[in-house]
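Me: Please take a close look at a single part of this structure, and describe carefully how it packs against its surroundings.

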Amino acid sequence: MRFSLATAFLGAVAIASSVSADLYNRLNMNDSLVLFIDHQTGLMNLVRDYDPDYYLNQVMGVAEMTKHFGLPAILTTSREDGPNGPLLPDLKNMFPDAPYIARPGQINAWDDKDFVKAIRKTGRKQLIISGIVTDVCVSFVSLSAKKAGFDVYVVTDASGTFNDPVRLASWFRMQQAGVQLMNYFSVACELARDWRTDLEGLADMFAKRLPSYARVMDSFNGAQAALSSS
């Protein structure tokens, strides 16, 4: 069942992509804003489509990427006085000066005037979004922002939900509306544009969160050391 659903999803995405290829607008550091939606301690328990440790690693990777490129960030939570719980402490501590919108009850963060006001105040039009859960908190904001005229980029491996079928249905719904589905690595690479700009900085950032990339750098550093000693 999972294979059939995934195959159908990929086929539909390929067809839709051929129709909406002109919607592609490359991420630009000067026009991007990162939104962290409902990464709350209680809601973390709902993430079952990714391994918990892997998922948290990707979320913190997006946070570090945001700091690395000097992008503005906005944090928001929903009913953190209830079962949803507070924002992840590590995430909150990384952005002590960022706008922090604790929504009293709105499920769709776009329904909160302070949240939308904070976004518009930045003057940026490219929204990079991650959150919990993909089918509600992430999808609702993404669809609303897209309708409002923003370019929306969802970080798929930093957005989690109940299971794979729910995730795929959510991706398909957003993709149909023109939302760009990306992952942490591709977002960072598209923002960077050119390895020559900051090879060491990018490599260190990726090596910290992507163990396989750390092996790439070990190989490179070993080769460089061998050349230097020859």
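Reply: The crossing of helices H2 and H8 is right-handed (the near helix is turned clockwise from the far one by less than a right angle), and both helices are DSSP runs of H or I with at least four residues, numbered from the N terminus. This is a predicted model, in which local features need pLDDT of at least 70 and side-chain atom pairs pLDDT 80 or more, while totals for chains, interfaces and linings use all residues. Residues are numbered from 1 along each chain as its sequence is written, and side-chain values use heavy atoms, without hydrogens and water.

H2 packs against H8 (residues 199–209) at an angle of about 165°, with the two axes 10 Å apart (lines fitted to C-alpha atoms over the stretch in contact, with angles from 0 to 180 degrees between N-to-C directions). H2 is therefore roughly antiparallel to H8 (an angle over 145 degrees). On the H2 side, Asn57, Gln58, Met60, Gly61, Glu64, Met65 and His68 take part, and they meet Gly201, Leu202, Met205, Lys208 and Arg209 of H8 (heavy atoms within 4.5 Å).

The largest nonpolar core has 64 residues, and Leu35 and Phe115 have the most contacts inside it (buried Ala, Val, Leu, Ile, Met, Phe, Trp, Tyr and Cys joined through side-chain atoms within 4.5 Å, buried being under 20% relative accessible area with a 1.4 Å probe, protein chains only). H2, which spans residues 52–68, gives the most to this core, with six residues. Beyond its neighbours within four places in sequence, Leu35 touches Phe115 itself, together with Ile74, Ile119, Leu127, Ile128, Ile129, Ser130 and Val141.

Technical notes
Buried < 20%, exposed > 50% of the residue type's maximum accessible area, 1.4 Å probe, protein only. Helix = DSSP H or I, 4+ residues; strand = E, 2+ residues; numbered from the N terminus. Parallel < 35°, antiparallel > 145°, perpendicular 65-115°, else oblique.
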